[in-house]
Amino acid sequence: MSSLRLKFEAGPRGEMARVLIASDGTCLGGLVSAVNSVLLHTRRSVKFYIITTAEELPHLKVWIEATKLHKMTYELHTLAALTRNITGGLQHIKAHVPDLFPELWGRLVYLDCDVIVQGDIWELFTADIRPGHYGAFSQNCIGPPVGGRAHYGAFVNLRHSALNGSQMNQEACPFATGVFVANLTLWRWHDVPQRVQHWLKLHKREKIVGSHPSADAVEAAMLIVLYGKVTVLDPLWHVQHLGASYSSRYSKQFIEKAKLLHWNGRFKPWSHRAAHAEVWDRYYIPDPTAQFRPARKRG
């Protein structure tokens with residue numbers, strides 16, 4: 001690892017939930033809020049694996065050390081040090097965890113930086129994963145539709161030449177990759193990162209993504225590689241698309257009941273207008289350097 005890798009540990013040793021989260025400067029406040037929300041809703045030990053850019057490393061280090069977050073158990077890494085042998089940036093991290101952290105085996109929770117956890121992370125970390133499955137993922141067809149009906153054929157280009165003869169059902173419900181629990185042991189045994197990378201290389205010559213507006217290459221590659229080998233996660237553990245519009249898509253009662261909220265989409269809870277931003281505000285820890293301020297709180 002590069003000398004830019006920083007490692008801090010606190011708290012009792014023993015079994016703990018392991019959580020990976022990454023962000024550049026645009027979502028740094030989201031990352032801090034997500035981490036705080038995890039800690040506030042569990043009594044179990046948690047270890048965070050936090051990744052940011054080299055430019056944001058000093059900023060995030062101060063944000064953690066100058067606030068109550070300094071007490072948590074965590075490793076802080078730079079994106080450049082971890083991904084020097086991997087094509088792509090932050091969006092590729094979720095597919096390459098075994099390569100980025102070769103010392104990690106077993107379970108790991110992956111969280112996008114624009115989430116808030118309202119349930120006990122231990123429940124998510126220990127969620128049921130069927131034998132032979134690569135992990136537990138939520139279904140992308142649950143909840144009000146966003147950008148068209150969600151089905152495999154919308155997120156993956158099933159007409160790709162390399163998918164000729166594929167048994168993929170284009171009407172099947174795709175899984176979401178913004179929040180999941182991975183069995184890293186199986187990922188490593190079955191070369192999941194290398195297989196994902198193979199499809200990303202094919203994408204450069206012929207698109208693997210479908211026509212859905214939110215489809216992206218990394219998710220499409222994961223949908224191909226992990227097809228039929230994921231356990232369905234309780235939908236309350238991934239209430240998503242809150243950032244698809246600044247108006248609410250769910251009742252306040254449902255939002256309070258949800259175990260994890262995800263503002264994927266353009267309307268983030270720290271922007272001028274966002275649905276249920278008041279929930280995110282509960283967990284925001286002000287930036288001691290004042291470089292990051294929610295738009296609603298400026299001026």
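Student: Is glutamate 75 buried or exposed?
Tutor: In this predicted model, glutamate 75 belongs to strand β4, which spans residues 73–78. Buried means a relative accessible area under 20%. The relative accessible area of glutamate 75 is 2%, so glutamate 75 counts as buried.

Student: Which side chain does the side chain of glutamate 75 join in a polar contact of 2.9 Å?
Tutor: Glutamate 75 has its place in strand β4. A polar contact of 2.9 Å runs from its side chain to that of histidine 77.

Student: How many helices and strands does the secondary structure of the protein come to?
Tutor: The protein has 299 residues, of which 56% count as buried. Among contacts with a separation of 6 or more, 76% are between residues 24 or more positions apart. The secondary structure comes to 11 helices and 10 strands.

Student: Why is the pair of phenylalanine 137 and phenylalanine 180 described as stacked?
Tutor: A search of the whole structure finds 15 aromatic pairs. A pair of aromatic rings is described by the distance of the centres and the angle of the planes. Planes under 30 degrees apart count as stacked. The rings of phenylalanine 137 and phenylalanine 180 have centres 4.7 Å apart and planes at 15 degrees, so the pair is stacked.

Student: How many residues apart are phenylalanine 137 and phenylalanine 180?
Tutor: Both phenylalanine 137 and phenylalanine 180 are buried. Phenylalanine 137 lies in strand β7 (residues 135–139) and phenylalanine 180 in strand β8 (residues 175–183), so this pair links distant parts of the chain. Their separation is 43 residues.

Student: What is the angle between the planes of tyrosine 250 and phenylalanine 254?
Tutor: Tyrosine 250 is buried at a relative accessible area of 16%, whereas phenylalanine 254 is partly exposed at 28%. These two residues form a stacked aromatic pair with a centre-to-centre distance of 5.0 Å, and the angle between the planes is 25 degrees.

Student: Which residues do ring pairs link into a cluster?
Tutor: The search for aromatic pairs covers the whole structure and finds 15 of them. Ring pairs join five residues into a cluster: Trp63, Trp270, Trp280, Tyr284 and Phe292.

Student: Over which ring does the charged end of arginine 188 sit?
Tutor: Two arginines can be described together here. The charged end of arginine 44 sits over the ring of tryptophan 122, at 3.9 Å from its centre. For arginine 188, the charged end is 4.3 Å from the centre of the ring over which it sits, that of tryptophan 105.

Student: How many of the residues of helix α9 are buried?
Tutor: Helix α9 covers residues 217–225 and is mostly covered. Its buried residues include Ala217, Glu219, Met222 and Val225. The elements that cover them include β7, α6, β8, α7 and α8.

Student: Which residue has its backbone nitrogen within 3.1 Å of a side-chain oxygen of aspartate 216?
Tutor: This approach is found at the start of α9. The side-chain oxygen belongs to aspartate 216, and the backbone nitrogen to valine 218.

Student: Which element gives the largest share of the lining of the largest pocket?
Tutor: The largest pocket holds about 790 Å³ of space. It is lined by 36 residues, with Asp112, Asp114, His262, Asn264 and Gly265 nearest its centre. Elements that give two or more residues to this lining are β5, β8 and α9. The largest share is three residues, and the element is β8.

Student: With which residues is cysteine 27 in contact, leaving aside its neighbours within four places in sequence?
Tutor: Cysteine 27 is found in the loop between β2 and α1, and counts as buried at 6% relative accessibility. Its C-alpha lies 9.9 Å from that of threonine 52, which is 25 residues away in sequence. With the neighbours within four places left aside, the contacts of cysteine 27 are Cys113, Asp114 and Trp270.

Student: Which backbone oxygen lies 2.5 Å from a polar atom of the side chain of serine 271?
Tutor: Serine 271 has its place in the loop between β10 and α11. Beyond its neighbours within four places in sequence, serine 271 is in contact with Ala295 and Arg296. The backbone oxygen of arginine 273 lies 3.2 Å from a polar atom of the serine 271 side chain. The backbone oxygen at 2.5 Å is that of lysine 268.

Note on methods. Residues are numbered from 1 along each chain as its sequence is written. This is a predicted model: local features need pLDDT of at least 70, side-chain atom pairs count only at pLDDT 80 or more; totals for chains, interfaces and linings use all residues. Side-chain values use heavy atoms; hydrogens and water are left out. Rings of Phe, Tyr and Trp (its six-membered ring) pair if their centres lie within 6.5 Å; planes under 30 degrees apart count as stacked, over 60 as edge-to-face and the rest as tilted. Helices (H or I, at least four residues) and strands (E, at least two) are DSSP runs, numbered from the N terminus. Buried means under 20% relative accessible area, exposed over 50%, partly exposed in between (1.4 Å probe, protein chains only). A charge sits over a ring if NZ of Lys or CZ of Arg is within 6 Å of the ring centre and within 35 degrees of the ring normal. Contact means heavy atoms within 4.5 Å. A polar contact is a pair of N or O atoms within 3.5 Å; within protein, one must be able to donate a hydrogen and the other to accept it, and residues adjacent in sequence count only if both atoms are side-chain atoms. On a 1 Å grid over the protein atoms alone, a cavity is a set of points where a 1.4 Å probe fits but cannot get out, and a pocket is an open set with protein on both sides within 12 Å along at least five of seven lines; lining residues have an atom within 4 Å of a point. Grid points are joined across faces, edges and corners, and a volume is the space filled by probe spheres set on the points.
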